[in-house]
Protein chains: 2
Amino acid sequence: MSNKYSHIHLGHGSGGLMTRELLDEIIFKTFSNPFLDKKHDGAILDIAGPLAMSTDSFVVSPIFFKGGNIGELAVHGTVNDVAMCGAIPLYLSLSFIVEEGLPVPQFREIVDSVKRTADTCEVQIVTGDTKVVEKGKGDKIFINTTGIGTVHPRARISANRIQEGDKIILNGFLAQHGMAIMSQREGLEFESDIVSDTTYLHFLVRELLDAFGEKIHLFRDPTRGGLASVLSEIATDIGKGVVLYEKALPVEKQVAAACEILGLDPLYVANEGVLVVIADASVEAEVLDLMRRNPKGEHAVTVGSFTTEHPSKVVMHSSIGGKRVVSPLLGEQLPRIC
Amino acid sequence: MSNKYSHIHLGHGSGGLMTRELLDEIIFKTFSNPFLDKKHDGAILDIAGPLAMSTDSFVVSPIFFKGGNIGELAVHGTVNDVAMCGAIPLYLSLSFIVEEGLPVPQFREIVDSVKRTADTCEVQIVTGDTKVVEKGKGDKIFINTTGIGTVHPRARISANRIQEGDKIILNGFLAQHGMAIMSQREGLEFESDIVSDTTYLHFLVRELLDAFGEKIHLFRDPTRGGLASVLSEIATDIGKGVVLYEKALPVEKQVAAACEILGLDPLYVANEGVLVVIADASVEAEVLDLMRRNPKGEHAVTVGSFTTEHPSKVVMHSSIGGKRVVSPLLGEQLPRIC
């Protein structure tokens, strides 16, 4: 395959021999496992419920960026979404929409990243699909992953369980993914070593559930729209208020500087490795302690809490003593960030 | 939403308020169910294994065609793929990649079709995602659906169970979807009333498994690449031969004529409502009888059988007494058919 074709052709999406060759030489060889090796239309999984299911399509541009690529992102994104349900992700489907003309080595590199990332995350790619669209009708490659996993036996994740006083705890620095992508975009390039934070969060989630069970009320990963949008959504949905402490918000110097140059607020910028834990106040110290001992949570910090004082509103207490309402993001700040 | 915006904007993919509005007014309102109403990153499903899981991305062009649209196709396609595993589809994820500028009424029509089709198929849309890409970086709308379902207790579906003498039975006419799309494509329009056969097959599959259990060795739905590609794949995979009877192949007159005009062989043209049943010869008559009593199988017919005589080859016995090898499709015949 790789010798015969240097680029993806429309024929690779035909369902005929060219498709078969592409799948055999790149997909099946890379992911070989008992599910995929059957080459059927789907996979049979021996798994007991209750299950969590989540889906995400990835359209990030550029497809290769500092700290990762669209393949890695597609695994992390869905693994994390399943984890946010309080579940342990086990199986992923993988579906490509490839634009005609994508260099085969780039496709191969992305597929290899998916495989490597899935292995690290201990999830298996069990079924898939590959479509090819004409040049100019797509943009290099889009990926959908859909994940399923078993709900953690101690999980009782629900926004409705959030109470006054609940703590909002983050695992690390904000806005890194969005600013990494931004720094590589045409016309917006500037000197920076900002690296995407794309990573998996499910092992940390499992540890937290093992240790604290129902004391954890909600997990969220603030991707598109950033932390501000996620907290605004929750506040609106449950009719409680959020207090945020500006001083506590973890933003790396370089990211803060880049945001300032571009007039962006890190609160609205996408993250791909940030975990928001909403926990009962009684376990705050222990949660922080556990998180800080996990490599994915070493910078864990409490950034705010829930209140009944200003229902449905997120209010920021600024470093200099002021207060302001944090509105949700309206339109597009950074298109195609994930 | 509909009053404020006539077309999809990039901001509808931002993760902010515009996204929320689009989701609230079109997606959540349409699909409202206990899973989606939680507006979480995923759904919790109470389901017992073993499960079948299948995924498909749909990139058909045009998105509205005679007999259906991309929304219907996206439900049928995945429902059928899950059914082909010998399972009863229950839950679907739904993920859109929308090109900026898609008229909102078109988006709404597609979403409504998804809902209607899911209801008819008795599957629920439990989780989803919506991304927006810039004009010229996609093509109106692409849809991914991923389905899960419970394996039928009597199913023992596996190509390895196919034996010499097994019958190849079709539920109806070939090549209708491909030729319906073709007849609408720019530059290839001709007078025709050919209508896509897009439909669901899982209720028929369930009836067949209820009645015949392990006597059914394999189900396949010959979409991209057509019947020829599916049978070639199976023949190659299991090292047995396929005999096909040209006279028996069900092709409607108008479809046959259109294929002739365009120099296409209906054996290679995509179907979206064709079921291939590979059954033990001992139940052939009963299988045909059961299928013919189901509206999705009223034209059921045996078109061939498996043999050990020409391993891995599909051989067509022509109407005039000749024989020819049916090769698998090589490259692209009809791009973006599904």
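Which side chain does B:Glu134 meet in a salt bridge? Select B:Glu134 and look across to chain A: the partner is A:Arg336, with N and O 2.8 Å apart. Keep in mind as you click around that this is a predicted model.

**The interface as a whole**

On the chain B side, 73 residues are in contact with chain A, and 73 residues of chain A are on the receiving end. Together the two chains bury about 5900 Å², and 56% of that sits on carbon and sulfur atoms.

Side chains of opposite charge can pair when their charged atoms come close. Which element gives the largest share of the side of chain B that touches chain A? Select residues 124–133 of chain B: this is strand S6, and it brings eight residues. Colour that whole side of chain B by residue type and you get 33 nonpolar, 23 polar and 17 charged residues.

**A second salt bridge to zoom in on**

Go to B:Asp56. A:Lys131 is its salt-bridge partner, and the closest N and O atoms are 3.0 Å apart. This pair crosses between chains: B:Asp56 belongs to strand S2 (residues 51–58) of chain B, and A:Lys131 to strand S6 (residues 124–133) of chain A.

**Strands that pair across the chains**

Switch to cartoon view and select residues 51–58 of chain A along with residues 43–45 of chain B. These are S2 of chain A and S1 of chain B, and they pair in the antiparallel sense over three bridges. To see one position, show A:Met53, which stands opposite B:Ala43 in S1 of chain B.

While you're on chain A, select residues 40–151. An unreviewed UniProt entry lists that span as "domain: PurM-like N-terminal". The span is 29% helix and 44% strand, and its end C-alpha atoms lie 27 Å apart.

**Backbone details in chain B**

Where are the cis peptide bonds to look at? One runs from B:Gly49 to B:Pro50, with omega near -5 degrees. You'll find B:Pro50 in the loop between S1 and S2 of chain B. Another joins B:Ser61 and B:Pro62, where omega is about 0 degrees; B:Pro62 lies in the loop between S2 and strand S3 (64–65).

Then jump to B:Lys140. Its phi is near 65 degrees, a positive value in a residue other than glycine. B:Lys140 is in the loop between S6 and strand S7 (141–151) of chain B.

**Last stop: A:Pro335**

Finish back on chain A, in the segment after strand S14 (323–326), where A:Pro335 is found. What is A:Pro335 in contact with, leaving aside its neighbours within four places in sequence? Show A:Arg185 and B:Leu10, one residue from each chain. Then draw a distance from A:Pro335 to A:Met182: they are 153 residues apart in sequence, yet 9.7 Å apart in space, C-alpha to C-alpha.

Notes:
Residues numbered from 1 in each chain as written. Chains lettered and ligands numbered in written order. Predicted model: local features only at pLDDT ≥ 70, side-chain atom pairs only at ≥ 80, totals over all residues. Heavy atoms only, no water. Contact = heavy atoms within 4.5 Å. Buried area = accessible area lost by both parts, 1.4 Å probe. Salt bridge = Lys/Arg side-chain N within 4 Å of Asp/Glu carboxyl O. Helix = DSSP H or I, 4+ residues; strand = E, 2+ residues; numbered from the N terminus. Nonpolar A, V, L, I, M, F, W, Y, C, P; charged D, E, K, R; others polar. Pairing = 2+ DSSP bridges. UniProt positions renumbered as here; feature names shortened; annotations may be inferred.
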